[in-house]
Amino acid sequence: MDITKLTGIGEKRAQALRAVGLNTVFDLINYFPRDYDDRSQIKTVEELIPGVVNTIRGVLASAPDNINPPRKRTNGRPLTITKAVLNDTTGKLEMVWFNQPYLKKYFRTGQEYIFTGRVKLDFKNHLQMESPDYEPCSETLLSGGRIVPVYTTPKGFSQKTFRALIYQALDACSGLDVGVSSPFYDNLPYCIRQANQLCDRKAALYNIHYPESNQAFMAARQRLVFEELFFMQMALFTLKGANAETPGIMLCDININTFVNGLPFMPTAAQLRVLHDIASDFKSGMRMNRLIQGDVGSGKTAVAMAAAYMAITNGYQAAIMAPTDVLAQQHYKDFCHNFRQYGIETVLLTGALTASARRETLAKIASDPKIMIVGTHALIQPGVEYARLGLVITDEQHRFGVNQRFMLSKKGLENAPHTLVMTATPIPRTLALILYGDLDISVIDELPPGRQAIKTYCVDSHYRGRVHDFIRKEADAGRQAYIICPAIEDTATENETIHNETISNETIRNVQDYTRELSAAMHGLTIASLHGKMKPAEKQQIMDDFKAGKTHALVSTTVIEVGVHVANANLIIIENAERFGLSQLHQLRGRVGRGTAQAYCVLITDAKSKITKARMKAMTDTTDGFKLAELDLAQRGAGDFFGTRQHGLPDFTIANLYTDIEILKKAQAAAHAAYKGEIVLSDEESKMLAMNVGLSPVL
Ligand code: ADP
Ligand code: MG
């Protein structure tokens, strides 16, 4: 039903509604309040509390009056004050409105109204209510005497008119038949509602707009959040269905010990546990789809290596895809180094190869069934043929989109390779469930022994000189430092607002100027710089030099963020720390603390906003990546987190991934059961389900 069918909606208002995507009556019903105002406590005159908003019910005692006080004007026009007096059994209350002369004609003496407004004491010490909301008690109460919805109103609508419009829409739909096309028709199967104690759709929609009580609101919200998450999960299962629980390559000859004995260290208990998870996946005959979550430095590479070792010794290729050239190079060296002892060959495929090297590598990948393949996105480009891909590993998964993850496993489609997905950035469980709903999750929740907590400090730029002295001190002791700047070069940018605070572009540090300044200030020290605009070979040379200890300090952008490992670097300085997300700061900090020396992280910021301060405090207080990730999610919202939009997740109408985790779990379990056909449905319910899944923004 089109919105113009509603009373009071002419072309102009319809346009304003359409501008925010409200085209039909159904759209209105699904346009949920952004907040609520509890006006259900009705007070008497005696009970009114000055200084706060009160709701009162009473009879208009006298005809309202308009006054134009001399000399008082608003916007050049004379000021009109409308006064009226309300009576209840306990006393009288004066009410005033400004510049609404038409109210004089609106109110009827002797009629009962509900008013909500701030109460104050006037100069004669009499109570007065200022510009209250009003509503005659003879009509359905929408703005007072109840819990009142607050909407983000379209242009030209007051809360009051918009509330009335929504109510009208609800009413109009109530009048429609209850068939499938009604918005009140329940799209959740009865047994799912029953099992999860969810109210029906009609009650939910009424109570989300006009809650009868707090409990009714909670029940309505619960139901609608469940519904939203349920259909999203169903859609995700459908989307990923091809991948989940399909038969896979059975790897029979699994011996973890041989590999472990070849490592230069003892694996941690957490690493071993994950290795056993992987081994049992390999032996199961089903395809492995596993996510390994582990904080920076927890030793995911060794686990990946062990998995690759198992695949290769069983006669298959294993491939690991890294998000950057620098990281791919590092993996290449690590794998070569370790696999040499078993006579396993490792090849590297990145965009940086020369044409002839690339040809040679591609030929090898297409023909040798027992090699280790390390690379970047280059691994999933067309033209890369794999001889016998049995295991694909994606490192630092959050840097890739969902699609890229699938692309690599599709490369070995005929034999459905096992997949292992690794992420160093701890993903809050809520998001992991959604982004990786099709994956089993293993967590490495333990760091290798001997690691010291990284000492973290936050200072303002006045301390920069002293921080630089610290670089020299550590350099003199034979150690190295990273300095992170948000920009590469000095470019004119607009001032930005960060956490409600406008920050001058002048304060943004850039790699080029910083390197120059630091080199000038630090005689005798070698300072290098690294950023994303450099050629891969150049980046590699700089990283190699830094790793070899030839450079004392490396000024870099966040290209250094993922995975890079230089044990001798024990100091990281992050300039303009206010510009980075908490998870990102944590990632950056994880570049140090990989050796035995005490490691330090210094955050430099001149930002003063409360949020920035809280974030910096969180960084100095905790080194727990999961805690920081949760906080980041709470502060920035799921939309920003790792750019979930890029992962194809929709914005939610009502669900809040941060607070609704319990509902998410239930919705996911129900969706899983429904997807697997474990729930008995009527034909009609099945149809309804399929239709709603089809409507999901995920698909
Ligand atoms: P991340 O999980 O961040 O990818 P890495 O795999 O890069 O961590 O491991 C970080 C460092 O810790 C590497 O130098 C690695 O050799 C070392 N390492 C991994 N596991 C252990 C262990 N069990 N004992 C000691 N050192 C380990
Ligand atoms: Mg890593």
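Among contacts in the chain between residues at least 6 apart in sequence, what percentage join residues at least 24 apart? The share is 73%, where a contact means heavy atoms within 4.5 Å.

This is a predicted model, in which local features need pLDDT of at least 70 and side-chain atom pairs count only at pLDDT 80 or more, while totals for chains, interfaces and linings use all residues. Residues are numbered from 1 along each chain as its sequence is written, chains are lettered from A and ligands numbered from 1 in the order in which they are written, and side-chain values use heavy atoms, with hydrogens and water left out.

**Overall composition**

The chain has 22 helices and 26 strands, these being DSSP runs numbered from the N terminus (H or I over at least four residues for helices, E over at least two for strands). Of the 699 residues in the chain, 52% are buried; buried means under 20% relative accessible area, exposed over 50% and partly exposed in between, with a 1.4 Å probe and protein chains only.

**Helix packing**

| Helix pair | Angle | Axis distance |
|---|---|---|
| Helix 4 (159-175) and helix 6 (201-209) | about 165° | 10 Å |
| Helix 11 (325-339) and helix 17 (536-547) | about 55° | 9 Å |
| Helix 9 (269-284) and helix 10 (300-313) | roughly 25° | within 10 Å |

Angles under 35 degrees count as roughly parallel, over 145 as roughly antiparallel, 65 to 115 as roughly perpendicular and the rest as oblique. With an angle of about 165°, helix 4 is therefore roughly antiparallel to helix 6. Helix 4 passes helix 6 in a left-handed crossing, a crossing being left-handed if the near helix is turned anticlockwise from the far one by less than a right angle, and right-handed if clockwise. On the helix 4 side the contact involves I166, L170, D171 and S174, which meet K202, L205, Y206 and H209 of helix 6. These residues divide into four nonpolar, two polar and two charged, with Ala, Val, Leu, Ile, Met, Phe, Trp, Tyr, Cys and Pro counted as nonpolar, Asp, Glu, Lys and Arg as charged, and the others, Gly among them, as polar.

At about 55°, helix 11 is oblique to helix 17. Their contact is made by D325, V326, Q329, Q330 and K333 of helix 11 together with P536, K539, Q540, M543, D544 and K547 of helix 17, and by class it has three nonpolar, three polar and five charged residues.

At roughly 25°, helix 9 is roughly parallel to helix 10, and it passes helix 10 in a right-handed crossing. Here Q271, V274, L275, I278, A279 and F282 of helix 9 meet A302, V303, A306, A307 and M310 of helix 10, a set with 10 nonpolar residues, one polar and no charged.

**R509 and the cysteines**

R509 lies in the loop between strand 22 (501-503) and helix 16 (511-521), and at 21% relative accessibility it counts as partly exposed. Leaving aside residues up to four places away in sequence, R509 touches R464, C485, P486, A487, Y514, E517, E575 and N576.

The structure holds zero disulfides, a disulfide being a pair of cysteine sulfur atoms within 2.5 Å.

Methods: Axes are lines fitted to C-alpha atoms, for helices over the stretch in contact, and angles run from 0 to 180 degrees between N-to-C directions.
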